[in-house]
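Hello,

Here is the structure I promised to pass on. Please have a look at it first, then read my notes below.

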Amino acid sequence: MDFFCRVLQVVLLLLFNCKFCGCYGIVCAGKLTVDSNIILFGSNLTVHCKSSIERCGRRFAIDFNGQTIFETTSCSTIQTQIAINQTTFSVLCKVKQDDKWHIVCGQDLKAGYPPGKVKFNCVTHRHSEYVNCLLTATNVTYLDTNYIVTFNNKTSQFIKHEMPEDGHVSFPRSVFDETMTYQIHVRGRNALGESNSTFTFSVWDSVLPSTPEIENITFENGSLSPTIHWKSSEDSLKPSLRFRRAHYMQDWGMGNITELHVGTLLMQEAIKPMMSYQFELRVCVTSVNCSTWSHPYNATSPGIAPSHKLDVWRVIKDADSHGLQNVTVFWKPYTSEDYSGNLLEYKLSYKEDGKVHEVMCSAHAIHHTLQLPLGVAKVNVCAVTSAGSSPPAHVSLIYTGKAPIITYLTPAAGVSMYLAWDLPYYSEAVKGVLGFVVQWQQSPVHLQWKRLGKDYNSTFLKGFKAGVLYNISLYIEEANGVSNPAFCQVYAKEESPLTGPDASITTVGEKLFLIQWEQLDQEKQRGFITNYTIYIQRHRDKRLIENKTVPNIFPRSFNWELMGPQESFDVLISAWNSAGEGPKGKAVTCYCQKNLMCGDIAKTYQLLPDRTTDGMIAGFCLAAAVPMVILANLMYLKCVRQRMMKMCMSMGVTWLFEILPKFDNSNAIKLLKDDSYSPWGPLTEDIDPPLTPIEEVSLSWERQDSYPTVLHEDVTETPVVGQIFIDCPYKPQLLNTSLQTGEETTEEEVKEDEEDQFPLLVSPSHVLHDFSLDFTSIPVIHGHLNSFLAMDGKLRSLNVLGDLLSNPLEVSDKEEEETRMETLGDVGQSSFTSQSILPNDLLESCLRGPVFNSIPYSPQGVCHSFPMPEEV
């Protein structure tokens, strides 16, 4: 809804604005009259309004360009005056009736000026076929104004032409007589009046020269006044130049030019450096008959070349065997205020044998060393910039032989020096002195100098550092060379030494020693050394024995006598200057043994922390640790362990690796030694003593707690007729490594244990020869036993080394049974390695089965027959 309201408002506004523009006519309910429809700008306009309906008491109003400027109550007529300050405007009269405004009438009006004087000019080119004329009005009328141009000769009207709005018109050149002068009359007319202007015209005077061309603009010798090189097809014409800053569209400025020669102009004004300018050139026959301006030529002004010389100095070293001397030339670079542009390089030049030699140095260099013959008298130095070169500055290489005398040199406020001098060899009448040069340096590269006038005899030097020794030289510059220097050394401010000197000890006699030391390095002195303090202390507890302060004289040595008992001592030395004592130097030790003089031993100096020895020890430790680590890692590999075992067995005797039974750990041996079973009576040699009652264990038919049958090449397979289980309480106590860890023995682990055991051939017959029964039916099984049932009812494992040192661990009944079942089911090639002595009555009860030749001896008390597998 709002959108349609806005559209309607726009339409009504357009219709209201168009009612004064001829869009539609206003239906007037009266009459509006003015003095004139076109009036002079700035005059007063009288407006008269009269309504067609006469009714008193109504409100009338007059609007000027939409704004109410006059309002009054009337019956039908109102009148007012309006000051016109706009070129186009509208006047509207309206009346208010029934609270609504109604239009009486309205009118559009214009204001402006009458035409004024005009400018009219006609020109042509040398080979042109037309004469081009241009009319330029001197004022703006804001009204429709037409201009008529009339060419008159001496007798009659020649050409009459109405000028177009743009003021340009062209006439054929052939209609004019080039030798005749014409009168040109220009009349301008509009609603407010007319104007007339008169001019003269001649074709010959209207011919314009050709437009010149700027070929090049240069700046000679770094000058900021441009030199213009141009060309034109016509001679004897007066050129004119204008210029302005490029890229800023500023107004043109006319340049004052001087013609150097044909085609070359010099602008006298100096433009700003390092800026881009536009230049245009034209030529004129007369002040009004000039060519058009040339095409703009852009040029950038150069920087400002240095106007003063460089500050230069030199240092000369003695000539070598070839007669060449090393001359180091120093110069101080210009500041940014001394020139503008780019510094390109430095140029050094000298004259030798009538020839000038030049050496170019980088723009960043501040010194350069030359090897020059003794005949070279001076070296010139100048800076080369983009704006030009600086004036050459020269340094003389000739010594005059005289020298000034430094009379006063002392530190001043801050880190500075005050220097004063005198000239004993010169008088006031001598005019050869040009000035003085003071040079100071802390190293051959860090050199500074100061140039002073000839009226000076003292100066302050700045730029010193505390604790640094400076060499100060004073020279006299003369017209014929430079004097010999006056030389001195000074510290602007002394600081305590950085360290103490190194000492040495030499035995001179019994308890008499010579202590010597070297001078400190220059950078560690930080002042003039005045004294040394020698500290002597006992070596074992660092207790001070004596200290002695000696002056700084040469030779630097001190004789010292040991007053107490002869023992090792240390010597430390510190240095003194005006700022105080520095730290002690490195301690030197004299090692003295009992009843011996120091002699050569005294020359054994205490070394710095023994980094060499420590490094050797660390290297040996590393060399020993690497093989041990490698060997320890290899021991985790089973193949390596087996190989090492076989190597040891092949090198040693066989009985060393035989596993013997542990009779002391057997329960039977312990029972035989127990006196609590004496009522049973003594036992014969062929009968074991009675054992303690053992609780019967009822086993299921599925359980097989017996040794498995072991395959052997001497054992033949015997069929099993039946299986008889006899409860046998005898349980010899042997070790089982697999049960000690509390883990179940897998098939792979059993296999690995078998590989680890030594192949021992042990027969049980030597243990059973005292028994009365015949055991020939029991097969002799060669080999070793990995797992077996001990007397305590637990599954045990025989290990070569571990089982001989470890103790059995208790295992629960359930785990014991599971472990026993797994062990009997997995182990297929176990054999006896040891046995315990069994009573005859127990053997008889165990050997009552129908078949014994295939049943191994079971100390557990259960006899079980196993079918023997076929031999592979």
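How many bridges pair strand 21 with strand 22, and in which sense do the two strands run? In this predicted model, strand 21 (residues 257-261) pairs with strand 22 over four bridges, in the antiparallel sense.

Three strands make up an open sheet in the order 1-3-6, and their pairing is antiparallel. Strand 1 (30-34) and strand 6 (77-83) are the edge strands, each pairing on one side only. On average, neighbouring strands in this sheet are turned by 15° against each other, direction ignored. Strand 3 (residues 44-51) runs antiparallel to strand 6, and seven bridges join them. Asn-44 has Ala-83 in strand 6 as its bridge partner.

Now the cores. Nonpolar side chains tend to be buried together in soluble globular proteins. The largest nonpolar core here holds 22 residues. Trp-331, Leu-372 and Val-379 touch the most other members. The elements that give two or more residues to this core are strand 25 (311-316), strand 26 (324-332), strand 27 (343-352), strand 29 (367-373), strand 30 (378-385) and strand 32 (393-396). Leaving aside neighbours within four places in sequence, Leu-372 is in contact with residues including Val-327, Tyr-350, Val-379 and Leu-397. Another core, of 21 residues, lies apart from the largest one. Among its members are Ile-515, Ile-529, Tyr-532 and Ile-534.

Is Glu-477 buried or exposed? Its relative accessibility is 18%, so Glu-477 counts as buried, the cut-off being under 20%. The side chains of Glu-477 and Arg-451 are joined by a polar contact of 3.1 Å. Beyond its neighbours within four places in sequence, Glu-477 is in contact with Trp-313, Gly-432, Val-433, Leu-434, Gly-435, Val-437 and Arg-451.

Best wishes

Definitions and conventions
Residues numbered from 1 in each chain as written. Predicted model: local features only at pLDDT ≥ 70, side-chain atom pairs only at ≥ 80, totals over all residues. Heavy atoms only, no water. Buried < 20%, exposed > 50% of the residue type's maximum accessible area, 1.4 Å probe, protein only. Polar contact = N/O pair within 3.5 Å; in protein donor to acceptor, adjacent residues only side chain to side chain. Contact = heavy atoms within 4.5 Å. Core = buried A, V, L, I, M, F, W, Y, C linked by side-chain atoms within 4.5 Å. Pairing = 2+ DSSP bridges. Axes fitted to C-alpha atoms, helices over the stretch in contact; angles between N-to-C directions.
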